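Subject: Structure for your review

Dear colleague,

Please find the structure below, together with its sequence.

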Amino acid sequence: MELSYDIGGGDFVNAGRASSAVKGILKQLNISAVLIKRVVIALYEAEVNVAAHASAGKISVSITKDVIRINIRDKGPGIADIELAMQEGYSTASKEVREMGFGAGMGLPNIRKNSDTFNISSTPGEGTELEIINRLSN
Amino acid sequence: MKVKEIAERTGARMLTGNGGSSREVRFAFSSDLMSDVLTRDYEDAVLITGLSNLQAIRTAEMSDIGVVIIARNKEVGREMVALAERNEIVLLKSPLSLFRISGVLYEAGLKPLF
Ligand SMILES: Nc1ncnc2c1ncn2[C@@H]1O[C@H](COP(=O)(O)OP(=O)(O)O)[C@@H](O)[C@H]1O
Ligand SMILES: [Mg+2]
């Protein structure tokens with residue numbers, strides 16, 4: 001099954017819509033609650049990152065009998081130092097983002113924690129791409 | 001503890017439709033930082049927060065948190081109520097501060113999650 005969603009930069013009203021839709025679909029597929037939670041938490045923090053840090057993003061979700069693979073690609077400032085950005089507590093979030101309950105530099109580490117395989121790449125000035133892969137069986 | 005008792009002890013008003021008052025929770029977690037809420041696992045838990053926005057409800061949805069209390073009578077938007085209802089989250093609003101809600105419910109027997 002292939003799904004895709006658009007995310008708007010700065011759009012905190014709609015951030016979470018894709019995660020919500022994916023959660024509903026995974027429930028219908030009778031996937032375990034523990035795995036659903038891992039997938040949607042990772043996706044939700046990634047959605048929030050596009051809203052908080054980028055100008056537009058696209059999510060593609062591919063579900064097979066073995067794996068849930070999510071790709072989030074955005075247009076935005078990108079990340080110059082990925083190793084630094086991955087550190088817990090590192091954040092360049094604005095005051096507005098912090099007032100939303102985010103911007104503590106915990107998103108990327110939590111995305112990695114909730115992924116079986118996590119890949120991140122970025123071109124400064126162009127954008128960022130994340131891949132979040134979770135296996136259905138172990 | 002039933003939601004009804006939580007509401008009574010904290011002077012809270014239930015903002016989502018009926019049916020939620022008989023829901024039962026055993027644990028509670030207080031936070032305004034949604035990223036922090038999202039790092040933990042919940043079962044039978046209530047989230048107590050001073051953050052009154054859509055992301056607080058989204059966070060509860062993603063974290064499988066069934067009951068949310070908004071502290072200090074912060075204004076709760078209609079969209080928040082609708083989102084909570086869609087996700088079968090019981091949404092309450094209390095005039096008490098985050099600290100007092102936490103204290104009252106702790107004393108009444110709700111267990112800390114962490
Ligand atoms: N999609 C993105 N585009 C540009 N920068 C990003 C993106 N995602 C994360 N970052 C950068 O990495 C930092 C850390 O991200 P994260 O751990 O999610 O924390 P937070 O979003 O709370 O700041 C951000 O503050 C930002 O500088
Ligand atoms: Mg983030």
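How many residue pairs in polar contact does the rule find across the interface of chain B and chain A? The model is a predicted one, and in it 12 such residue pairs are found across this interface, with both residues at pLDDT 80 or more.

The interface between the chains

The size of an interface is often given as the accessible area lost when the parts come together. Here, chain B and chain A bury about 1800 Å² between them, and 51% of that area lies on carbon and sulfur atoms. In chain B, the residues that lose the most area to chain A are Leu38(B), Gln55(B) and Met62(B), which together account for 36% of what that side buries. Chain B contributes 21 residues to the contact, and chain A contributes 21 residues.

Which elements of chain B supply its side of the contact? Helix 2 (34–37) and helix 3 of chain B each provide at least two residues of the side that touches chain A. Helix 3 of chain B gives the largest share of that side, with 7 residues. By class, the residues of chain B that touch chain A comprise 7 nonpolar, 6 polar and 8 charged.

Side chains of opposite charge can pair when their charged atoms come close. The rule finds 2 salt bridges across the interface of chain B and chain A. Asp41(B) and Lys37(A) meet through their side chains in a salt bridge, at 3.1 Å from N to O.

Ser20(A) lies in helix 1 (residues 17–28) of chain A. Its side chain makes a polar contact of 2.6 Å with the side chain of Glu61(B). Leaving aside residues up to four places away in sequence, Ser20(A) touches Arg58(B), Glu61(B) and Met62(B).

Two helices of chain B

Two packed helices are described by the angle between their axes and the distance between the axes. In chain B, helix 3 (residues 54–63) and helix 4 (residues 78–86) pack at an angle of about 10 degrees, and their axes are 9 Å apart. Because angles under 35 degrees count as roughly parallel, helix 3 of chain B is roughly parallel to helix 4 of chain B. Helix 3 of chain B makes this contact through Leu54(B), Ile57(B) and Arg58(B), while helix 4 of chain B uses Glu79(B), Met80(B), Leu83(B) and Ala84(B). This helix contact has 5 nonpolar, no polar and 2 charged residues.

Over all chains, a search of the whole structure finds 14 salt bridges. Glu131(A) forms a salt bridge with Arg69(A), with the closest N and O atoms 3.3 Å apart. This pair links distant parts of the chain, 62 residues apart: Glu131(A) is in strand 5 (residues 127–135) of chain A, and Arg69(A) is in strand 3 (residues 67–75) of chain A.

Where is Phe114(B) found? Phe114(B) is in the segment after strand 6 (111–112) of chain B. Phe114(B) and Phe27(B) are 87 residues apart in sequence, and 9.4 Å apart in space from C-alpha to C-alpha. Not counting residues up to four places away in sequence, Phe114(B) touches Phe29(B), Arg40(B), Asp41(B) and Tyr42(B).

Yours sincerely

Methods:
Residues numbered from 1 in each chain as written. Chains lettered and ligands numbered in written order. Predicted model: local features only at pLDDT ≥ 70, side-chain atom pairs only at ≥ 80, totals over all residues. Heavy atoms only, no water. Axes fitted to C-alpha atoms, helices over the stretch in contact; angles between N-to-C directions. Helix = DSSP H or I, 4+ residues; strand = E, 2+ residues; numbered from the N terminus. Parallel < 35°, antiparallel > 145°, perpendicular 65-115°, else oblique. Contact = heavy atoms within 4.5 Å. Nonpolar A, V, L, I, M, F, W, Y, C, P; charged D, E, K, R; others polar. Buried area = accessible area lost by both parts, 1.4 Å probe. Salt bridge = Lys/Arg side-chain N within 4 Å of Asp/Glu carboxyl O. Polar contact = N/O pair within 3.5 Å; in protein donor to acceptor, adjacent residues only side chain to side chain.
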